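Hello,

Here is the structure we discussed handing over. My notes on what was found follow below it.

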Amino acid sequence: MPARRIAGTVAGHVLAAIGVAIAVATLAFIAVQAAPGDVAFRIAEARYGERISLQTVDRARQATGLDQPIIVQYGRWVGSAMTGQLGRSMVSGRQVATEVWRSFQTTLSIAVVGVSLALVASLAIGFAAGMRRDGLVDRIFLVVSAVLSSVPSFLLGIILITIFAIGLRWLPAAGNNRPGYFILPACTLALALLPDLSRVARNAVVRTMQDFYPTYGRIKGQSWLRIVFAHALRPTLVPVIAYFGPLVAHTIGGLVVIDVLFNLDGLGTRLIDSVLAADIPMAMGAGLLIGISVVVVNGIADIAVQVLDPRLFNAQPRP
Amino acid sequence: MITRRAVLAASLVLGVATAASGSFAWAKGDRVLEIVSPREITSLDLGDTSYHFRRLRVAETLVTIDPEGKLAPELAESWSVSDDGLSWTFVIRDGVKFHDGSLLTPEIVRVAIEAMRKANTNSELVSKLPIADVRVDGQAVVVTLERPFNLVPDFFTDGPAVILAPSSFAQDGTVKQIIGTGPYRIKIGGKTSVDLEAFPDYWGEQPHIARVHFTGATSPDTIANMAEAGQADLVLGLSQVLRDRVEGSGRVRVKQVQTARINGVFVNAADARFDDPVERRALSLALDRQGIAVALFGNPKAAANQLLSVAFPGWHDASLPPIRRNVEEARRLLAEAGWKPGSDGILAKDGTRFAFTMIVGKQPEVASLAEAIQAQLAEIGIEVKLQNGNQGQVLESVSKGTLVLGMTRRNYGAVPDPVATLILDFAEASAGSSPWSGVNYHNPKLESALNAYIAARTKEETAAARDQILAVVNSDLPVIPVVWYDYNVSISDRVNFDSVPIDALEVSFWIDRVRWAE
Amino acid sequence: MTAPSLDEGAVTRRSRPPLAIVLFGFLPLAAMLLLALLGPLLLTVDPNRQALSAASAPPSAAYRLGADNLGRSIAARVIAGARVSLGIAVAGVIASLVTGLALGFLAAFHAGWIRQVVMRLSDVIIACPGLLFVILISGLLGGGIGPILFGLWMSQWPGFARLTAATTARELATDHVEAARLLGFGRGYIFRAHVLPAITPYLTSLGALTVGANVLTISSVGFLGLGLRPPDAEWGAMIAGTMTFFRTSPHMVLAPAAAILICTLSATLIGEYYSARR
């Protein structure tokens, strides 16, 4: 029964999510501790900036329990995390859960819009290019996608800002307090994801077009549109969705640069800032949420692939 | 099949709709004053936060500094000192309301001052006052000192000396929210974004603009983009290198003032490389200040020839000539001090190479300044290795005793009288805990001059002490000034240019005085 | 990666690469690599020599590509940067490739705990954002070549290990390798004679694509200000350091950006060509 199988898959993914989340949070903790130098100085720097002094360093050390042994600090965090308490940031003094959640919302809105745009565009491009392999559209696409994949994403972002925020003044240049703030970051992300994703789509279309059904449709004299929607879309989606695993990793990594450019405090940026600032509760909280997100997206992709292509049920999961 | 198509259609619609709604709302433009500063509000600790919220006109102090740099009454209507210089009386303004509706009383001020006394950190000046007792006397608060100290009102202008409502504090005395008395109150507050609205019960004049949104952005490029895109009405602290670019957009004008802040290097005076003032003078001569000022900061007037800038009219000596680069003289001074070039061209003395690591922040202009210093010192045989890091790491190397030379961006105008900061940096009691003007540097002459200044009873005594302080600081060079820091405010065409005050001491943004353009 | 390719036969195995790939793939990359190798010989100016009076100078006879904000020759810095940017990118790929080959081959050869450990570790690392790794390590260790290289290696060897393991497993299942094993040929022989030839086009493809990706990663880390230690010339850091002047003096940004584009584009074209061929 598919429903039961899916339930089993979900349970497996939930277990994996908990495991990965704890592992990533632990890694964040280790990263904070492993860095050279005194943790209290890093916290005080993040807190006071240029007003840092030896007294403020001591104050930071006492206020944050850094005088405790490392294993006690870790154990305390795991203990309180179990009861849903992520604690307070050592730098801002604010609730980690609230702050991390706010970052998550920023990242999610940009990621969802960006990935959706990239997905829609990739499928459109994939069909346009892949239906006539080695045709003019296909060749142009290959060149454009190779060029696009060779431009650093921060330059893409700067170009978009220059055109749409400074030139035309249609959209905000930075920040997240204006309506539509996520459009330029999301477009930057979409442009950064587009080359790889559209290549996956294009190759999938090429492969699908050599299958039986589209050929059958063509013999029957069906229109291109009908062939695409009735026969080709579903098998094309399978490899595209299976690609979501690496995609989410690219997204989180790419968003770090985009966050800086657009002055957003997304999840990846939060993780990096807090690890560099030795803000242990915040680093572990951000790590926890990133771990869960990665596993959840992979899980959804896994289930979506199974639903779209039931043949894969009994086969090994794709590597 | 249907769901798949629906998903596809929905995501398309979503994309188009968000794009449309975004540009629509953007074009409509409702009247919120958008202000941007390069500093984020990193924590709720008063040692950090109070500066921000005073600039934003949310929290107020007993005494303030007006945009002209003079002491001015704020929560204290007036103040006076007894003839023996020991007891200072601050008359608290009547009828002042906090943002939670409660009344400001002299008792609240007394408790606040008691808390400031205990803070005991160098970023909180009041803790450095020799206070013996604080008591309430009718509508006044009387501060009694152990010994005469001239700068009491100055010290009460310090950021952490803001007076907050008792409901601002948690049980353990830490700040949980900012409830002040200023013309603006906080609607929503965060690290990079704060929404302000006018406080209807403000004791003074109501602000001209009722709603303000503050953005803290650390990337100078992002700030410039926001200014050019018309998204920022005021950028308070626009990086000097970005000035031309932002003004070039044609929609923004910039006001500029030279601040009390210095970009320079400070040394460990106990290290064999910099224990002799001659060595410090040689280093100073090796630097091409004019080149740096023009190339990196776009302003020839930024080249510093003394510690205190024109922001201190009584202290800045306009007659001093600029310090010109003189590589030969620098080499000669070092040779006289016993430094001889080794086989690799790097100077050495008694087995010590004139080589060290300097920690560099990641801000583009700081990094460029460091690279310029590195290249210029290489020409006199000093090898500087650069390492990415921050001020915390610099301080850590100070506390470990490994620091040889570091970059500093010291603000001598935290309060109007530079002596307040000089006492922190150079007086015997606090030396070592405030390294930004030099590490392990002691000069009894300077210490006695500082003490004379704060205890002076006549104008002549004050002037004599001041001349002594200036003479020592500018010749001993525990901190080597390179360029003065310019404070730029970019003003969009939505805002009345002349209504924007500009404040060399960076005390306040004075946003309550800003008006929209007609 | 293990999905059967339908492209075989479309391009014959031994055919020479088409002219377009040679012109836009191999030639530019070879030129850049040559620049990286011979860089110091070609330099007539010290890339770190400053002339503040020439700061931000536009291209001229003295400064072919103009000068940066510290008055350093951009041409010299782009040439010197080839060694750093491309050097780290290639070194990262070589380190990952060697590690991946060894671990992947071992994992395929010894089913059991070695396989489990290598494969599970790869799974976890591949699910992690590689850029985040590099940024964190560089940030924590204060930048420099070592941390970046370490971060690239950490995040990239699993890709090569998985590719090797999959190819090795396929080769091991063939009759001729089975025969070789029965005849008593050791791991080393089987690796050299059977696995390596089969895997080379795949590795070339992945390697070339990774070189391109690395150049971008290094430039992103440079953009965040966490990359190499100044004053080392590196293309990403050159862009980051002068991005401020992008609209006023675009020449400072365009030269290093073009260098990044050429390297990544040619590496991508080569990688795509080999990936389509297999």
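Lys128(B) counts as partly exposed, because its relative accessibility is 26%. Please keep in mind that this is a predicted model. The residue sits in a loop of chain B, between helix α3 (106-119) and strand β6 (131-137). From Lys128(B) to Ile113(B) the separation is 15 residues in sequence and 12 Å in space, taken C-alpha to C-alpha.

**Chain B against chain C**

On the contact between these two chains, 21 residues of chain B touch 22 residues of chain C. The area buried between chain B and chain C is about 1800 Å², and 54% of that area is on carbon and sulfur atoms. On the chain B side, the residues that lose the most area to chain C are Arg245(B), Glu371(B) and Asn388(B), which together account for 31% of what that side buries.

**Chain C on its own**

Chain C has nine helices and zero strands, and its pattern along the sequence reads α-α-α-α-α-α-α-α-α. Along the principal axes, its C-alpha atoms fill a box of roughly 75 × 45 × 30 Å. Of the 278 residues in chain C, 53% are buried. If you take the contacts in chain C between residues at least 6 apart in sequence, 73% of them join residues at least 24 apart.

The accessible surface of chain C is about 11900 Å², with 68% of it belonging to carbon and sulfur atoms.

An unreviewed UniProt entry annotates residues 82-271 of chain C as "domain: ABC transmembrane type-1". In the model, that stretch of chain C is 83% helix and 0% strand, and its end C-alpha atoms are 20 Å apart.

**Annotated spans in chain A**

For chain A, the UniProt annotation "transmembrane region", also from an unreviewed entry, covers residues 12-32, 108-128, 140-168, 180-197, 240-262 and 282-308. Two of these spans can be set against the model. Residues 108-128 of chain A are 100% helix and 0% strand, with 29 Å between the end C-alpha atoms. Residues 240-262 of chain A are 96% helix and 0% strand, and the end C-alpha atoms there lie 29 Å apart.

Regards

Note on methods: Residues numbered from 1 in each chain as written. Chains lettered and ligands numbered in written order. Predicted model: local features only at pLDDT ≥ 70, side-chain atom pairs only at ≥ 80, totals over all residues. Heavy atoms only, no water. Helix = DSSP H or I, 4+ residues; strand = E, 2+ residues; numbered from the N terminus. Buried < 20%, exposed > 50% of the residue type's maximum accessible area, 1.4 Å probe, protein only. Contact = heavy atoms within 4.5 Å. Areas by Shrake-Rupley, 256 points an atom, 1.4 Å probe, with all protein chains shown as cover. UniProt positions renumbered as here; feature names shortened; annotations may be inferred. Buried area = accessible area lost by both parts, 1.4 Å probe.
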